[in-house]
Amino acid sequence: MSRRRVVAIFRRVAAEIRRDRPSLALLFIAPILITGLVTFILRDSQAPQVTAIVVNMAGVRGQLVQTALGAALQHGGAIVSDVADQAAARAAIADSGATVGIVIGTDGASGSPLTITVITNGIDPAGEAAQVATVQRAALTAAGNASGTVPPAILHTTLYGTPSDDPISNFAPAIVGFFAYFFVYILTGVSFLRERTGGTLERLMATPVTRGEVVLGYTLGFGLFATIQVAVLILWALGSLHVPALGPLPAFSVGLGVAVNGSPLLAFLVVVLLAVGAVSLGIFLSTFARTELQVIQFIPIVLAPQFLLSGVLFPVSTLPSILQPLVAIMPLNYAVDGLRQVFIRGADLGVAALQLDLVVLAVVAAFFATIAALTIRRDVV
Amino acid sequence: MASQAAPGAPSGSVPPAIRASGLVKTFGTLRAVDDVTFELAPGRIYGLLGPNGSGKTTLIRLLAGLTLPTAGWAEVLGTRMPSRQNLERIGYMTQADGVYTALTVAENLRFFGAVYGVDGDEPAAAALAVVDLADRRESIVGTLSGGQRRRLSLACALIHRPPVLFLDEPTVGVDPLLRVEFWAHFRTLADAGTTIVVSSHVMDEADRCDELLFVRSGRVLARGTGQEIRARAGTADLEQAFLRLGGDVAVTR
């Protein structure tokens with residue numbers, strides 16, 4: 001391994017990226033834009049406006065429930081009106097006059113419990129679930145008010161951090177890891193494909209350069225920009241710069257202001273290890289692509305499963321057991337876990353779970369670097 | 001023309017610069033190079049002539065050690081190929097330009113120089129002078145014309161002053177005037193001892209070589225100086241000679 005040749009490749013790769021303004025923008029601006037948007041959506045989404053239409057089909061007993069439930073709903077900010085039958089309720093929901101219909105069930109055999117059926121449109125399951133949840137909470141309150149017993153309050157406390165309502169503190173570490181992986185893979189894959197198809201790899205192979213030197217040079221070149229990207233992303237995630245209101249402009253803050261309990265440097269180490277693996281993955285997969293479009297086409301096969309199976313959106317613990325072995329082999333999974341260990345748990349190097357994450361990421365990076373080197377075909381021994 | 005009169009195989013006193021013995025390269029059922037044996041003397045320009053797909057590039061790749069032969073062997077400057085160490089003594093100009101289009105002319109040369117272990121600006125300046133690109137030193141390669149990129153590609157193959165040069169279709173896209181200069185420079189290099197193997201399908205370049213190897217279907221059908229080949233085929237026209245010797249080539253002038 002010649003240091004001079006590695007440095008030459010590193011400098012060449014770095015110069016190429018530096019000249020490629022659109023890719024630089026992709027590397028730095030896109031993740032900030034997307035994380036900012038997601039944060040805005042998750043933090044500032046409005047509570048659903050409930051417009052309820054209540055049908056009582058249970059006579060006198062039902063009337064008591066109707067009154068109590070209506071009061072509880074109105075107390076929670078809902079608009080409540082009564083109609084005579086189910087058909088009218090359904091018609092109101094169909095023409096958007098109401099968001100939920102609440103049908104208090106008919107009196108069956110004396111003493112049987114009343115049933116409450118909630119009717120929604122069925123078009124927007126997630127939004128409607130929020131509406132149903134509002135009705136359920138109101139029903140609990142109403143039951144408590146009616147019986148005179150206050151339902152027990154459920155308090156939540158956590159081992160690490162605080163059970164804040166801020167969903168970003170869990171989401172930010174995952175998204176930092178994902179973006180580092182995603183952009184480094186795309187840029188390396190496309191860049192190395194150009195090397196293969198543009199004839200420069202052929203020419204490079206006619207020089208004394210070794211495959212290991214090529215992979216290392218590339219890793220350093222893209223690693224440099226991945227490192228800067230990760231640094232910017234972590235600063236963006238952790239930082240919170242408040243800009244006061246100025247004239248007609250309202251006050252706003254720059255940065256996600258995520259609380260971090262561990263060392264940002266450790267978080268940095270986790271993502272850099274992940275990015276190094278992504279460089280080699282890009283080199284490896286570029287073997288199987290003939291065009292730049294095909295590098296992009298690997299995203300659904302390679303990146304999408306990682307996104308779904310690494311706890312970015314769906315907690316790993318809730319994934320079907322048949323998928324768990326797949327989860328165990330997703331590099332991103334270890335990065336996301338490692339970042340959460342650092343961000344939320346405040347883990348240091350003494351924590352076994354973080355040690356495992358770092359070791360796995362290092363092994364994965366070494367593994368992909370090896371197979372990447374092997375795909376750079378040369379028969380020279 | 002030829003600086004040495006000796007035709008055919010080199011004499012026994014000077015060791016050959018390049019040797020091939022029973023070289024075969026197959027891709028599936030295709031025999032891209034089919035039992036090629038020759039010795040090439042140092043300090044001469046050899047022209048590999050043949051139609052597209054006749055196996056010229058594969059033959060060059062085998063000689064340069066970029067691919068392993070299915071059978072047989074190749075030797076450059078006494079070293080069996082493939083040999084990474086030996087690549088320091090070989091210059092290879094690929095058929096594709098093989099230069100980095102996002103970098104400047106100077107950066108490309110600096111890169112290939114560093115890879116070959118060449119220091120300083122002097123070798124780059126010399127290589128640029130040869131291809132007449134000194135005034136475009138700081139230009140981004142992507143903004144150069146096709147011919148200018150070809151010239152840079154040649155400069156990158158010359159930067160480490162290799163004693164053996166493989167040039168795969170070096171003059172494609174190069175204007176006639178510069179083509180003459182290219183060949184004049186090849187001659188200067190050969191006179192100084194460099195062994196040059198040039199592939200071409202352009203017949204009017206053939207006479208600039210010391211010796212010609214007619215390649216078709218992976219085989220060397222004929223070998224000799226232009227004069228010898230004309231005499232053997234009984235025609236004054238190289239194209240006709242090529243046709244009579246079995247290579248029905250689509251000829252470009």
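Analyst: Let us begin with contact: two residues are in contact if their C-beta atoms, placed from the backbone, lie within 7 Å. Please keep in mind that this is a predicted model. With that cut-off, the contact between the chains takes 21 residues from chain A and 27 residues from chain B.

User: What makes up the side of chain A that touches chain B?

Analyst: Two helices of chain A, α1 (3-19) and α7 (200-205), each supply at least two residues of that side, and the largest share, seven residues, comes from α1(A). Sorted by class, the side of chain A that touches chain B has eight nonpolar, four polar and nine charged residues.

User: Why is chain B called as compact as a globular protein of that length?

Analyst: Chain B holds seven helices and ten strands. The globule rule gives 18 Å for 253 residues, and the radius of gyration of chain B is 18 Å, close to that value, so chain B is as compact as a globular protein of that length. Along the principal axes, its C-alpha atoms fill a box of roughly 50 × 40 × 35 Å.

User: What share of the residues in chain B is buried, and what makes a residue count as buried?

Analyst: A residue is buried if 20 or more other C-beta atoms lie within 10 Å of its own, and buried residues make up 50% of the 253 residues in chain B.

User: Why are β6 and β10 of chain B said to stand at the edges?

Analyst: The order of the six strands in this open sheet of chain B is β6-β7-β8-β3-β9-β10, with mixed pairing. Both β6 (90-93) and β10 (219-224) of chain B have a single partner strand, so one side of each is left without a neighbour in the sheet. From one strand to the next, the twist averages 15 degrees.

User: How do you know that β3 and β8 of chain B pair?

Analyst: Pairing requires at least two bridges between the strands, and strand β3 (residues 45-49) and strand β8 (residues 195-200) of chain B have five, in the parallel sense, so the two count as paired. B:Leu48, for example, stands opposite B:Ser199 in β8(B).

User: Which helices lie on these strands?

Analyst: Helix α1 (residues 56-63) of chain B packs on the sheet and touches β3, β7 (164-168), β8 and β9 (211-216) of chain B, its direction making about 155 degrees with that of β8(B). Helix α5 (residues 176-191) of chain B lies across β3, β7 and β8 of chain B and runs at about 150 degrees to β8(B).

How values were computed. Residues are numbered from 1 along each chain as its sequence is written. Chains are lettered from A and ligands numbered from 1 in the order in which they are written. This is a predicted model: local features need pLDDT of at least 70, side-chain atom pairs count only at pLDDT 80 or more; totals for chains, interfaces and linings use all residues. Helices (H or I, at least four residues) and strands (E, at least two) are DSSP runs, numbered from the N terminus. The radius of gyration is taken over C-alpha atoms; the globule rule is 2.2 Å times the number of residues to the power 0.38. A residue is buried if 20 or more other C-beta atoms lie within 10 Å of its own, exposed if 12 or fewer, and partly exposed in between; C-beta atoms are placed from the backbone. Ala, Val, Leu, Ile, Met, Phe, Trp, Tyr, Cys and Pro count as nonpolar, Asp, Glu, Lys and Arg as charged, and the others, Gly among them, as polar. Axes are lines fitted to C-alpha atoms, for helices over the stretch in contact, and angles run from 0 to 180 degrees between N-to-C directions.
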